[in-house]
Amino acid sequence: MLRLEDVRFAYSHAADAPRFRFDMGVEPGTIAGVIGASGTGKSTLLDLIAGFQTPQAGRVVIDGEQVTGLPPAQRPVSILFQNHNLFEHLSALENVVLGLAPRRRPTAADKETAAAALARVGLAGFEDHPALNLSGGQAQRVALARTLARRSRVLLLDEPFSALDEDNRADLTPLVRAAVTEHGGAGVLVTHDLNDCERLADRILEIRDGQLHEVG
Amino acid sequence: MTWLHKTLLAAAFATTTTMAATAEGGKRELIIYTYDAFAADWGPAPGVKAEFEKVCDCELTFVTADSSIGALRKVQLEGEATPADIVLGLDTNIAEVARATGLFAEHGADLSALSVPIEWNDEVFAPFDYSYLAFVYNTEKLETVPGSFEELAALPEDVKIIIQDPRSSTPGLGLVLWVKQAYGERAGEIWRALAPRVLTVTKSWSDAYGLFLKGEAELVLSYTTSPAYHRIAESDQRFAAAMFAEGHHLQVEVAAIVKSTDQPELARQFMAFMLTDAFQDIIPTTNWTYPAIETANGLPEGFDPPVAADKALIMDGADVEANRKAWIEEWRAALSQ
Amino acid sequence: MTVRPIRIHASVLPGIAVAAMLLLLAAALLAELAVRATGLTLAFDRELARIVAFTTMQAALSTVLSLVVGIALAWSLAHQQRFPGRGLLIAMFSAALVLPTLIVVLGLVSVLGRSGWAGDLYNAVTGRSPGFSIYGLSGILIAHTYLNASFVVRTLVNRLEAVPPENRKLAHGLGLSAWRRFRLVDWPACAPSVRGLAVTIFLLCFTSFAIVLVLGGSPRYNTLEVAIYEAVRFEFDLGRALALALVQLAVCAALVAFVGGLRATGRSIHGAATMFAHLQGPAVNRLQRTIIIAAAIAFALPLIATLIDGSRAEFSRLLAEPVFARAALTSVLIAIVSAAIVVTGSVAMALTRRQFTLANRWADARGSPLAALAMSYSASLYLVFPALVLGLGFFLLARRLGGPADLWAVAALITANVTLALPFAVAVLVPTAERAAARYDRLAVSLGLAWSTRWRAIEWPLMRADIGYVAALALCLSLGDLGVIALFGTQDFTTLPWLMYQKIGAYRTADAAGVALILLSLVLATFIFVPRLFSGARHAAP
């Protein structure tokens with residue numbers, strides 16, 4: 001489903017610049033958890049999958065198709081960050097709709113889909129709420145509603161629960177899993193928190209010395 | 001706060017040295033308010049100070065305002081308590097305004113040596129120099145030199161002039177009076193004909209002359225003596241003043257004693273000194289105007305002789321005061337179309 | 001959503017004190033004038049209505065143009081982080097704002113005037129004379145845009161760089177078009193600052209005097225300041241001058257009231273700039289680089305003209321003149337004192353102002369809209385206060401209170417310089433201070449940080465780059481200001497811009513151009529080096 005084949009990357013040619021070499025595969029309907037302390041390359045891994053960085057060598061493959069050189073927008077990928085997931089001055093509904101119609105005028109159907117997604121994450125009635133005024137947990141739910149509605153093949157999770165309390169984490173776990181498994185996509189979670197990893201991921205890897213290693 | 005205080009004092013100190021020095025010597029001090037170009041290092045003031053202090057056993061101090069009108073307003077605001085003994089540099093167009101304030105005393109000087117283009121027997125204001133307004137041009141750039149306002153208006157489309165605003169500038173006001181004197185009722189018509197020639201109207205003479213020297217316009221409103229500066233100080237022969245058949249607006253600069261002076265005797269001594277060769281010989285090449293008396297040395301080489309007296313246009317100060325607003329409005333309306 | 005209010009009492013006082021002092025000063029100056037005047041004499045004639053209408057129109061157009069140019073340029077510069085000479089360019093854009101008006105006007109005329117380079121080039125290429133003239137409304141707008149767009153650029157580049165990278169990644173990940181990326185990511189980051197910028201620029205253009213006259217080309221283009229000038233100088237009608245000043249105050253105050261009381265929004269803050277130029281697509285990158293190059297040429301040419309003109313001066317003689325040394329020393333001393341006051345005052349005002357604009361601080365408290373307004377007014381004092389009236393009021397105050405005239409002249413000049421720089425300083429610092437509070441208030445309060453610790457840990461690191469810019473701006477505005485000292489004039493008190501005007505006034509244009517060159521070099525050096533003092537060894541201008 002998602003494969004990184006001998007993907008090599010370094011931020012500069014300097015001799016002491018960290019070098020990365022990633023090999024991994026994620027099966028449909030599963031989430032791979034990647035754990036590591038900060039600065040080990042977790043975000044670099046996601047940037048390479050999403051297309052914010054281009055590898056110096058190797059291939060990124062999604063659904064059997066090479067996406068290595070494609071810009072982020074042309075990859076079937078959605079991302080959920082720790083925070084700043086929303087455009088602050090748009091309403092909750094507009095944020096979700098934007099994910100459905102990023103390059104065209106939204107239709108009535110888009111709005112219905114978006115409203116349904118919001119209802120699903122427990123935010124029915126919050127459609128016109130400005131994103132700026134949402135709490136941290138509510139903002140994450142809106143962002144999740146957007147990824148649910150987009151039905152992207154690959155969902156990248158960048159410390160999605162780190163800013164949330166335990167209740168929110170428990171509530172959101174099945175929704176995040178649903179976003180990945182419902183239509184047979186793949187998920188990659190990066191976090192420093194082993195608990196989050198165990199809660200969400202089907203298997204766990206660790207980044208060490210710029211490479212991925214299977215844990216347990 | 002102490003640091004700030006010190007710096008403030010240091011900055012202030014740099015400016016108070018003159019004042020302190022005058023107080024120390026125990027000499028009498030004569031304070032003259034004037035416009036900044038007169039008091040500048042390259043203006044007449046340093047020479048005048050040196051010459052007068054030779055004969056007066058006193059200290060001469062110049063206090064500058066941005067213009068002669070500014071100097072007058074300063075005295076007015078200070079009222080009776082003004083430290084000024086003399087105001088120097090008012091021109092005839094605002095002398096009436098100054099007289100009306102009642103702040104000035106009779107000068108008591110002998111005016112018989114005067115050689116200004118008009119008869120002068122004013123007991124309050126004594127002239128020390130004069131000049132004529134004129135349009136100055138670059139001889140290498142202007143092909144047809146206009147000989148009157150009408151010829152100026154008839155110049156080709158791409159010939160432009162720069163003038164000054166009569167509401168903010170003395171020569172600007174002089175020009176409005178000049179046209180009025182030369183054309184009377186027809187002044188509005190002349191201004192409408194001149195309008196297409198006017199490139200821009202500046203706040204001050206400096207702005208206008210700066211633009212002219214940059215080559216922005218073919219002619220600029222200035223003085224008949226302007227070319228002499230370029231000839232004498234810069235050995236630059238390119239500039240000349242266009243002589244107009246209508247005559248030229250005469251601007252006489254005067255000085256007057258402030259009534260509340262604490263040095264009336266010294267002030268009268270200065271007024272008399274003002275009309276001697278020692279003072280007058282300094283004027284042409286520092287103030288770039290004509291001296292108010294014929295000195296033994298005559299005009300310096302490179303100075304054009306003054307416009308013939310019958311071509312000197314001067315307006316009565318009372319007339320100026322009575323009509324200034326209406327004439328400026330006529331000017332504004334004509335140029336705004 | 002309700003957030004528990006966070007009310008930090010101590011930081012309200014300094015800003016309130018600064019604001020109160022400024023407003024008191026303004027009131028005192030106006031009162032002095034009123035005492036001397038025999039009463040308000042103002043005929044609300046058609047001419048006055050016409051002047052106000054024209055001035056409003058010209059200021060509004062200038063503001064819009066400055067913002068459009070400034071935003072386009074800031075957007076380009078923010079996204080092209082690796083553009084060669086970027087830091088130097090930003091320093092250069094800042095220089096335009098603070099130069100004496102006449103230098104800017106003569107520089108622009110060198111390029112766009114009748115015998116300017118642009119016309120010569122056009123003529124050489126096409127063999128025809130260009131139909132364009134800089135004299136008229138177009139000249140006024142060009143000069144105002146030239147002066148103010150630079151300020152917009154410097155302020156907005158910082159805002160754009162503070163956008164969280166997640167937002168940019170999100171926009172690129174969704175594949176939003178360049179226009180929608182601008183609308184959804186860049187514009188919201190700029191918007192809170194744009195409001196303050198717009199007011200500042202509008203007021204600056206509304207009270208612009210020399211430019212409107214020199215480049216207006218006709219008495220049709222007039223300003224209230226000219227009318228005030230006429231009333232004071234020729235008519236000595238202090239009542240009319242006061243009345244005109246009050247008209248100007250009223251128009252400007254209405255505008256400040258309209259905009260100044262608004263609440264702050266937006267709370268994103270981020271440290272280093274993360275841009276994705278490589279994802280923008282070649283067309284957008286090309287557009288941004290073209291905008292930068294075009295602006296660099298447009299902004300540099302008038303400055304280059306100033307340098308060329310100035311290089312013809314006889315520096316060995318000019319520098320040896322005692323009056324030059326005196327003017328330079330006075331200018332630099334006064335600039336340093338003014339800048340120190342501006343930095344202290346504007347930081348105090350920025351830290352206080354946020355109390356009244358942030359929802360979780362005192363914005364809901366009784367009297368807070370009034371306090372916010374008072375802060376806005378006091379910060380905009382110079383912009384709404386005609387310079388001539390300021391100088392006159394000070395002079396009268398000096399006469400009433402006594403003391404050495406020279407000390408008063410210094411005080412008046414420093415006050416003018418400080419009040420001139422304050423609106424810019426406050427416009428730069430307030431958004432940063434607001435963001436710092438919005439982001440870290442809760443943390444700081446929960447940790448129980450003392451205000452000094454809080455300043456060191458939060459405000460100083462987040463604001464230091466902006467404070468450095470404010471210091472440079474204040475220094476340069478003081479260096480370039482002509483001042484209000486005309487009435488105080490003494491033989492020895494002179495500053496560099498004053499010396500320059502005196503030189504032109506005495507036909508000495510080469511000397512004046514030399515002084516202009518020295519001023520320009522001082523200003524550029526200040527903008528390059530002073531911010532460095534504040535940002536450590538990190539990077540140059542921004």
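Helices (H or I, at least four residues) and strands (E, at least two) are DSSP runs, numbered from the N terminus. I keep this convention in the entries below.

**Entry 1: the model.** I note that this is a predicted model, in which local features need pLDDT of at least 70 and side-chain atom pairs count only at pLDDT 80 or more, while totals for chains, interfaces and linings use all residues. Residues are numbered from 1 along each chain as its sequence is written, chains are lettered from A and ligands numbered from 1 in the order in which they are written, and side-chain values use heavy atoms, with hydrogens and water left out.

**Entry 2: a pair within one helix.** I looked up helix 14 (residues 317-335) of chain B, where B:E329 and B:R332 lie 3 residues apart, about one turn of the helix. The two form a salt bridge, with the closest N and O atoms 2.9 Å apart; the term requires a side-chain nitrogen of Lys or Arg within 4 Å of a carboxyl oxygen of Asp or Glu. I then checked exposure (buried is under 20% relative accessible area, exposed over 50%, partly exposed in between; 1.4 Å probe, protein chains only). B:E329 is partly exposed at 36%, whereas B:R332 is buried at 10%.

**Entry 3: a pair across the sequence.** I found a salt bridge between B:R99 and B:D122, with 2.5 Å between the closest N and O atoms. B:R99 belongs to helix 5 of chain B and B:D122 to the loop between strand 4 (104-105) and strand 5 (126-138), so the pair ties together parts that are 23 residues apart in sequence. B:R99 is partly exposed, at 32% relative accessible area, and B:D122 is buried, at 16%.

**Entry 4: the domains of chain B.** I recorded domain 1 (3-130 + 251-291) and domain 2 (131-249 + 308-336); such bounds come from an automatic or database domain assignment. Their centres, taken over C-alpha atoms, are 28 Å apart. In contact (heavy atoms within 4.5 Å) are 14 residues of domain 1 and 21 residues of domain 2. The two domains bury about 1600 Å² between them, 63% of it on carbon and sulfur atoms; this is the accessible area (1.4 Å probe) that two parts lose on being put together, summed over both. B:N93, B:Q251 and B:W288 supply 48% of the area that domain 1 buries against domain 2, more than any other three residues.

**Entry 5: the whole structure.** My search gave 43 salt bridges over all chains. In chain A, one network of salt bridges links A:E166, A:R169, A:D193, A:D196 and A:R199.
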